[in-house]
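Look at the model below and keep the sequence at hand. This report walks through a few local features, one at a time.

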Amino acid sequence: MMASNGNIAFVHDGVCVCVSGPHKEPIFTGRVTISEQPYGGVLEWHANEEVNETGKLLSSPETENLDWEDVASGFSAEYKPHSSQSNESIGLKLETTKKPQTISFDVADLKSYKCLQKKKGKGSEVTFFLKDGSTPPTLYFPKNNHICLINALEKYIQFRRSAKDINLYIVHEPQKEALEKSFSELQLFREQSSDLVKRFFDDPYTATMGGFSKVTNFLLDYVLTNENSPTKCSNEEVVQMLQESLPSVEINQNEEPGFEVITCMELPPRPQVKRDDPVLFDQWESHIDSEGQVTDIEQLKCKIFKGGLLNSLRKEVWKFLLGYFPFNSTRKEREKLRKKKIDDYYKMKLQWKSITPEQETRFSAFRERKNLIEKDVSRTDRTHPYFMGTENANVQLLYDILMTYCMYNFDLGYVQGMSDLLSPVLVVMENEADAFWCFAEFMENVGSNFELDQQGMKTQLQQLYSVIHFADPHLCDYLESHDSGNLYFCFRWLLILFKREFKFHDIMRLWEVLWTGLPCRNFHLLICLAILDAEKNTLMENQFGLPEILKHINDMSYKINPEEVLCRAESIYLQLSQCQHLPQSLQDILGIQAPASPSLLSSIVSLPPSTALAPIEENRHSSSVPVPINKTSSTLDRFNASPPSGNSSVENSSIEVLPEDSDIEARYQISFDLML
């Protein structure tokens, strides 16, 4: 509904949004308005048309000549469909969906916007970023008509182009920026001047906090924003709310001074990387000999890594990638193995099926897991055609497989999030027993994520921190100084391997790439870094703090382009693999052997905390930033990489300093309760 009692200052028809979700999104057109209210301008978008059954938009003078393939692949919105009918394939059809809700926000709440123009004048897309870290749905303008909207906005606020991202425009606040410059020139403070000014003006967060975003959807049921009652929260209040909402997550804010280490390292340039087409049927057949054995396995894995698989091949090839079938097995051996596996599966299924109600009353562990599975299955991918509907037999299959897995691995049992991992496997296999054994093999690789002591997750977060610390210390330092160095916002990514971040058909591509084991160990950590690297300028230029980062990362769900991320992650791998002074800790994490080192390229300077540090200019291919280390409580302590190996520090490009009481396990206390 339009903003009440306001004069309309701007109107533009034919502006599109997409409905974001785990599947292909429908497209809607609507009207953008700016209305003048007593407290300032309000920007709104209202849908005025629906997609029809074929997935095409009803005609409109503004939109009838649009390239809808470009629109659908270029952006997405945050509104999920209420109802849909579609067929899953490599690309889903656009779904029949009800109109999305109205998009509305105060112009004064704008922090920045990003504009991407399509080639050949096919249009432009504009994404707004608000001060609380939220990201309203992207707007698509035909024929680059976004300029008239920006001109209208500049009657209320001014923008300046980011020096780091030519597509990003920051709200210009002359008084605030002048004060930042004064602090920077005086160099009186260890903190980044922008952080100091933010605390000075905003105390320090202006975000509306009425709970917390469903950052880990299946773990939390809190809402991040309460737009009806804006309040100011101090840094300590934000931390306190996090501790109350997530009592098992330790976020220590002590500020006992330690000392600083500056590590300067010239990194090789990142090479350009391109993705290939998916592996086709004839290419797969060329790797199968007369007895059915797979030949040239490494070459095949390279092809899958570079392009993924044709959808129709997944049912067969995934069984090899997941380890259900050995690559060197013959057709006869696989047939014999499959018969045995099917027999074993139904024996285990019969075990829990035969438990009587009387037994169940005396079997609390079984009862708890059964109830948890029932609850999770009822809400797992229910908008996907394979699981849609109230009496869907495939939902029962999902339940049966998870219950049987509890009998197969009773020590681990069932933990929330496992249904997310099983769902795509069942969709591909379309067979209960095959899906179970593929899932069981999958869990052999990621099962440590779900263990109650959370050692697997702790290790991965520590490893990810080490990777970011070396590959992009400027970003690492920013996260540290904004209470986000614990990388909690990456928890869901690692726990269920990005299942909630990518669309359903995209996660299949991403997983099969990871299952090749190429190009290095723990490639998923580089995927995390690639996502953060793509968002680095948005986070840093907007000066997002902890709550804004949590909100922004959550809003990225189902909007990430998998091909771009895979290209960026591979490029980072190639960059690191050519680094002559790659720390031994990173070599161990990624399984990369660094080239021989001809000379010392790192310089180390230890300074007392009160010493002013000269500004260090950022370079795309070099890393040179001050890294704060608190002796008692800094996140660096909790995620510090292993000390350099060898007899001399000159053999290593990264210097880590641990306090004397360097018991990392004692200092790093995170115990997420996955049974919530």
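E541 counts as buried, because its relative accessibility is 17%. Buried means under 20% relative accessible area, exposed means over 50%, and partly exposed is in between (1.4 Å probe, protein chains only). E541 sits in helix α19. Helices (H or I, at least four residues) are DSSP runs, numbered from the N terminus.

This is a predicted model, in which local features need pLDDT of at least 70, side-chain atom pairs count only at pLDDT 80 or more, and totals for chains, interfaces and linings use all residues. Residues are numbered from 1 along each chain as its sequence is written, and side-chain values use heavy atoms, with hydrogens and water left out.

**Contacts of E541**

Which residues does E541 touch, not counting residues up to four places away in sequence? They are R160, S162, A163, K164, L168 and I170. Contact means heavy atoms within 4.5 Å. E541 and I170 are 371 residues apart along the chain, yet their C-alpha atoms are separated by 7.4 Å.

**Aromatic rings**

A pair of aromatic rings is described by the distance of the centres and the angle of the planes. Rings of Phe, Tyr and Trp (its six-membered ring) pair if their centres lie within 6.5 Å. Planes under 30 degrees apart count as stacked, over 60 as edge-to-face, and the rest as tilted. The whole structure holds 28 aromatic pairs. Two of them follow.

| Pair | Centre to centre | Angle between planes | Type |
|---|---|---|---|
| F320 and F327 | 5.6 Å | 35° | tilted |
| Y345 and F436 | 5.0 Å | 50° | tilted |

Y345 belongs to helix α9 (residues 331-353) and F436 to helix α14 (residues 432-446), so their pair ties together parts that are 91 residues apart in sequence. Both Y345 and F436 are buried. F320 and F327 are buried too.

Ring pairs also build a cluster from Y345, Y346, Y405, Y408, F436, W437 and F439.

Some rings have a charge over the face. That label needs NZ of Lys or CZ of Arg within 6 Å of the ring centre and within 35 degrees of the ring normal. K341 lies over W437, at 4.1 Å from the ring centre. R369 lies over F410, at 4.4 Å from the ring centre.

The axes of helix α8 (residues 314-321) and α18 come within 10 Å and cross at roughly 35°. Axes are lines fitted to C-alpha atoms, for helices over the stretch in contact, and angles run from 0 to 180 degrees between N-to-C directions. On the α8 side, R314, W318 and L321 take part; on the α18 side, H505, M508, R509, E512 and W515 do. The contact residues divide into four nonpolar, one polar and three charged. Here Ala, Val, Leu, Ile, Met, Phe, Trp, Tyr, Cys and Pro count as nonpolar, Asp, Glu, Lys and Arg as charged, and the others, Gly among them, as polar.

**Backbone features**

Most residues other than glycine have a negative phi, and most peptide bonds are trans.

E430 is not a glycine, yet its phi is positive, about 55°. E430 lies in the loop between α13 (418-429) and α14. Leaving aside neighbours within four places in sequence, E430 is in contact with K315 and Y386.

L497 is not a glycine either, and its phi is positive, about 50°. L497 is in the loop between α17 (491-495) and α18. L497 counts as buried because its relative accessibility is 9%.

L518 and P519 are joined by a cis peptide bond, with omega about -5°. P519 lies in the loop between α18 (504-515) and α19 (523-541).

Technical notes:
Helices (H or I, at least four residues) and strands (E, at least two) are DSSP runs, numbered from the N terminus.
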